[in-house]
Structures are given as C-alpha cells and as structure tokens.
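Q: Please go through this protein and say on what grounds each term is applied to it.

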Amino acid sequence: MSEKILNGNKYQLSGCYIEITSRCNLRCKHCYNESGVLKEEISLEALNNVLRCYDENVYPFITLSGGEPLLHPQFWDILKTIQESGVRNILLITNATLITRDIAKRLADSKIAIQVSLNGSSAATHDLLCGKGSFEATLKGLQNLVNAEAERVLVRFTMAQCNKKDFVNTVELCAKMNIENVLFGALAMRGRAKSNSNNLEIPLLEIEEIVEDLKKNEKLKMLKKNKFPNFGIPEIFTGGCPLVIPSEEIVEFNPRIDSSGNVFLCQSFSDQMYAVGNINKMKLSEIMKTEDFSRILNFLYTSTFYKPECETCLWNSICGRGCIAQCINQCSNVQGTDGECLLRRRGFAREMIREYL
C-alpha cells in the first residue's frame, strides 16, 4: 500500500480483471481492445505474480477475459492454478461459441461464474455486432451450459444503435432458457468500437430516454415481479472516480491486466502511458508500492482541479468530475471532460428540485 498518495486514500487489492489472451475467434465491431489475432498471452509465471498478493481478510474476485479466454492453450491450467491458490470467486467472460457439451461439463464442475456476451434475441441483431453465425453458436454454447447445470450463468447485453430495441426480447429469451441473470452494458468507446462509432454509438440523451423507458416497461416489470431472470439497468453516467476522489475508507483496487501483463487502475484505462506496472516483472502487491503507482494516482487527482470547462460550471463544488479514463479516451488528455456533463447537470438539478418540493 503506497503512503505517497496526495488524496489521502488507502488502497487495498481486492481482485483483478485479467485479459489472459488477445486471441479471439470473433471480430466484434464493439470490441474495446480489438481482440482477434494473437499478440500476447499471460503465462502461468506471470499469473503467480497476481495470486497470493491479497490480505488475509480479503476474498478476491478474479475475472478471466480476453480475447476469448478459452483459446488460451493453458486455460485449464490457469483455472486450476487460481483455484489451488485459494481464490473461490472467479468469473469467466466468454462469447460461448466454443463451449461444447464437454467444455460445459468441465466449467460446471469448476463451480465458477460464467458471463456470456449475448447482444440480441436473434441473429438479425446479435450478428450485426459479432459477425454472421455468431448468434447460433453463442446460443448453442449457452444451452450447453444450462444443460450441464452450471450454477452461475449470466448474460451481458451491450447496447448499441443496431440492437437498442431488443433488450426486452433478449431478457425474455434468457428467461425461457432458464438463465437467471442478465446485465445491461454500455459501449466502451475504445478500440474497434471507436472505429465504428458512427454506426454504434447512441447519443447520451437518447440513452437516458431508453433507460427511463426500460424502467417503465410492463414486460420487464412482470419479469422482475416473478424474479426471473434477475436483471439490472445501471446508472447512465459516472459521478466521480472512486480511486481518485478522497475517501475516509480503504478503497478497493481491482486493476485491469492486459494480455501483455500491463497493469491499469481499472478497466477503463487502455493507453500504456497510464500503466502502473507489469506482472511479467513484478508482483501485483509490489506494484502498488512503486513510484509509478503513486505518480499516476497523484497526477489524476491533481488534474481534477484543472479542467477549464469545470471552472465555469454551476455545479463545480459538488461534481466528482466523472470518469477520468473516459476523459482521456474522449479528449486525449485529463483536462477535458468525459462527455457526460449534461447528464450530471440534469441529475443535480432534479435532486435539488426534489429537495425543495
């Protein structure tokens, strides 16, 4: 734990998101890290620099992602190594197209959670994002998991222009398949998603309208009343970065680790300039004690006070400045905004009106 953080926060390692391979069998238009061809993969040696770095009172949650993690030639060794280290909370993120009956059985026996990317209720919508034939293959993999009685299967639906009217139908499809959880996800405008932004991105105010309509949707209300499947509609904008905004409590640190071993503060960071270390060279717990870790956090914290657009904003004194990583993605610098200022202003105004009514 670094003692040189200007904001006074104390950080505790509580999990991590590991992209174990850049290899993927799909070329999804919305992929934030442009997975596809093999560039790098996490080795078992590097993985050991992540495991056993957690305090005794922490029950870490480790996510395995990619690329398509099942394409890593040592996937099952990686899973076994993590479980043998004592970690019980493991999430696999997969497109499910490679999940045969045998693989589904092995995953079910492993007792891990499995998140499947399903972006529509039919090929007409899902395949627009993930490629021809992907819907059928994903659905088959999902069904294999259900048949194998995998305990914790959830679906993540990423909303874009091409599938924005299909969320309710997708939730209904999941209910029919006995899939208990559905997550509503927003596009991460990086990588291929940024390259395809003209065809994929939904304007912020339209997203706000969609979310409000979904909250009132009668079919979803009925499904929620029956408590099957469980689904959530997230907040549509970020108040502030919990890693940077001062806190009196210990802040949980769940870094993103890319397939090259680079460690980032969270999943929203991708530019190698903002990497705080590399697990090919150092243990994750040691990275948190380095000058790079302190320097980057201090830089991001200080930058929140020097945003020209914020200086003239009515809500300056109560705003958390939004997502700093998104500021970098949107404007290529930390002095810009994350593009969600209008939504925050509207939210603050509504809260003030409610308070005085």
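A: Helices are DSSP runs of H or I with at least four residues, strands are runs of E with at least two, and both are numbered from the N terminus. R321 has its place in the loop between α13 (308–311) and α14 (324–331). This is a predicted model, in which local features need pLDDT of at least 70, side-chain atom pairs count only at pLDDT 80 or more, and totals for chains, interfaces and linings use all residues. Residues are numbered from 1 along each chain as its sequence is written, and side-chain values use heavy atoms, with hydrogens and water left out.

Q: Why is R321 called buried?
A: Buried means under 20% relative accessible area, exposed means over 50%, and partly exposed lies in between (1.4 Å probe, protein chains only). R321 has 12% relative accessibility, so R321 counts as buried.

Q: Which value of N178 is positive, and where is N178 found?
A: Its phi is positive, near 65°, and N178 is not a glycine. N178 is found in the loop between α6 (167–176) and β7.

Q: Why does N178 count as exposed?
A: The relative accessibility of N178 is 53%, and therefore N178 counts as exposed.

Q: How many helices and strands does the protein have?
A: The count comes to 15 helices and twelve strands.

Q: Why does the radius of gyration agree with that of a compact globule?
A: The radius is taken over C-alpha atoms, and the globule rule is 2.2 Å times the number of residues to the power 0.38. For 357 residues a compact globule would have a radius near 21 Å; the protein has 21 Å, so the two agree. The C-alpha trace spans about 55 × 50 × 35 Å along the principal axes.

Q: What share of the residues is buried?
A: Buried residues make up 51% of the 357 residues.

Q: What makes up the accessible surface?
A: Accessible areas come from the Shrake-Rupley method with a 1.4 Å probe, and for residues only the protein chains shown count as cover. The surface comes to about 17,900 Å², and 50% of that belongs to carbon and sulfur atoms.

Q: How many side chains are positive and how many negative?
A: Lys and Arg count as positive, Asp and Glu as negative, while His and the chain ends are not counted. A charge is placed at NZ of Lys, CZ of Arg, CG of Asp or CD of Glu. There are 42 positive and 42 negative side chains, and the centres of the two sets lie 3 Å apart.

Q: What does contact mean, and which residues does S85 contact?
A: Contact means heavy atoms within 4.5 Å. Leaving aside neighbours within four places in sequence, S85 is in contact with L51 and R52. S85 is found in the loop between α2 (75–84) and β4 (89–94).

Q: Why is S85 called buried?
A: The relative accessible area of S85 is 19%, so S85 is buried.

Q: What share of the contacts joins residues at least 24 apart?
A: Among contacts between residues at least 6 apart in sequence, 70% join residues at least 24 apart.

Q: Which residues of helix α4 are buried, and against what do they pack?
A: In α4 (residues 123–130), T125, H126, D127, L129 and C130 are buried. They pack against β5 (113–117), α5 (134–147), β6 (152–158) and α8 (197–200). G131, with a positive phi near 105°, follows α4.

Q: Why is L183 called partly exposed?
A: L183 has 34% relative accessibility and therefore counts as partly exposed. L183 lies in strand β7 (residues 181–185). Not counting residues up to four places away in sequence, L183 touches Q115, L154, V155, R156 and F157.

Q: Why does E40 count as partly exposed?
A: E40 has 41% relative accessibility, so E40 counts as partly exposed. E40 lies in the loop between β2 (15–19) and α1 (44–47), and touches T21, S22, S259 and S260, not counting residues up to four places away in sequence.
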